[in-house]
Amino acid sequence: MDKFEFKVNGETFFADQQAVDAAVLLQIAFAGKAIGEDPDKTGYVLRVPDSDVTFVSGQVVDLDKYNVFRAAPEKGAPFA
């Protein structure tokens with residue numbers, strides 16, 4: 001079975017499917033300690049570096065197209 005690689009905040013993870021809800025990616029990143037707070041309790045956004053593309057829970061991410069992200073709470077300071 002193929003695994004689909006993605007990175008969150010510099011950490012590498014794998015998903016079982018190529019098209020995955022952003023909430024699933026955030027939970028995998030939380031379990032792997034790439035983000036510090038439970039994304040189910042603190043809303044997080046996945047940002048594609050050097051792009052205006054973002055994903056939040058409920059949006060499907062195509063890991064063939066986007067697979068490197070910075071994750072941050074939805075309410076907070078933007079990345080510099």
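**Close-up views of a predicted chain**

**View 1. Charges and overall form of the chain.** The chain carries 8 positive and 13 negative side chains, and the centres of these two sets are 5 Å apart. Lys and Arg are taken as positive and Asp and Glu as negative, while His and the chain ends are not counted. Each charge is placed at NZ of Lys, CZ of Arg, CG of Asp or CD of Glu. The model is predicted: local features need pLDDT of at least 70, side-chain atom pairs count only at pLDDT 80 or more, and totals for chains, interfaces and linings use all residues. Residues are numbered from 1 along each chain as its sequence is written, and side-chain values use heavy atoms, with hydrogens and water left out.

**View 2. Order of the elements.** The secondary structure consists of 1 helix and 7 strands, and from the N terminus the elements follow the order β-β-β-α-β-β-β-β. The chain has a radius of gyration of 11 Å, close to the 12 Å given by the globule rule for 80 residues, so it is as compact as a globular protein of that length. Helices (H or I, at least four residues) and strands (E, at least two) are DSSP runs, numbered from the N terminus. The radius is taken over C-alpha atoms, and the rule is 2.2 Å times the number of residues to the power 0.38. Along the principal axes, the C-alpha atoms fill a box of roughly 40 × 25 × 25 Å.

**View 3. Surface and contacts of the whole chain.** The accessible surface is about 5,000 Å², and carbon and sulfur atoms make up 48% of this surface. Areas come from the Shrake-Rupley method with a 1.4 Å probe; for residues, only the protein chains shown count as cover. Of the 80 residues, 29% count as buried. Buried means under 20% relative accessible area, exposed over 50%, and partly exposed in between (1.4 Å probe, protein chains only). Among contacts with a separation of 6 or more, 47% are between residues 24 or more positions apart; a contact means heavy atoms within 4.5 Å.

View 4. Strand E1 (residues 4-8) pairs with strand E2 (residues 11-15) in the antiparallel sense, over 5 bridges. Two strands pair if DSSP finds at least two bridges between them. Glu5 has Phe14 as its bridge partner in E2, and Lys7 has Thr12. Asn9 lies in the loop between E1 and E2 and, although not a glycine, has a positive phi of about 50°. Most residues other than glycine have a negative phi.

**View 5. Strand E7 beside E1 and E4.** E1 and strand E7 (residues 68-73) run parallel and are joined by 2 bridges. Here Lys7 stands opposite Val68 in E7. E4 and E7 run antiparallel, with 4 bridges joining them. Arg70 in E7 is the bridge partner of Arg47.

View 6. Asp50 is found in the loop between strand E4 (44-47) and strand E5 (54-56). Phi of Asp50 is near 55°, a positive value in a residue other than glycine. Asp50 is exposed, with a relative accessible area of 88%.

View 7. Phe30 belongs to helix H1 and counts as partly exposed, at 28% relative accessibility. Leaving aside neighbours within four places in sequence, Phe30 is in contact with Ile35, Gly36, Glu37, Asp38 and Pro39. Phe30 and Arg70 are 40 residues apart along the chain, and their C-alpha atoms are separated by 13 Å. Asp40 sits in the loop between helix H1 (22-31) and E4. With 62% relative accessibility, Asp40 counts as exposed. Asp40 and Ala15 are 25 residues apart in sequence and 18 Å apart in space, C-alpha to C-alpha.
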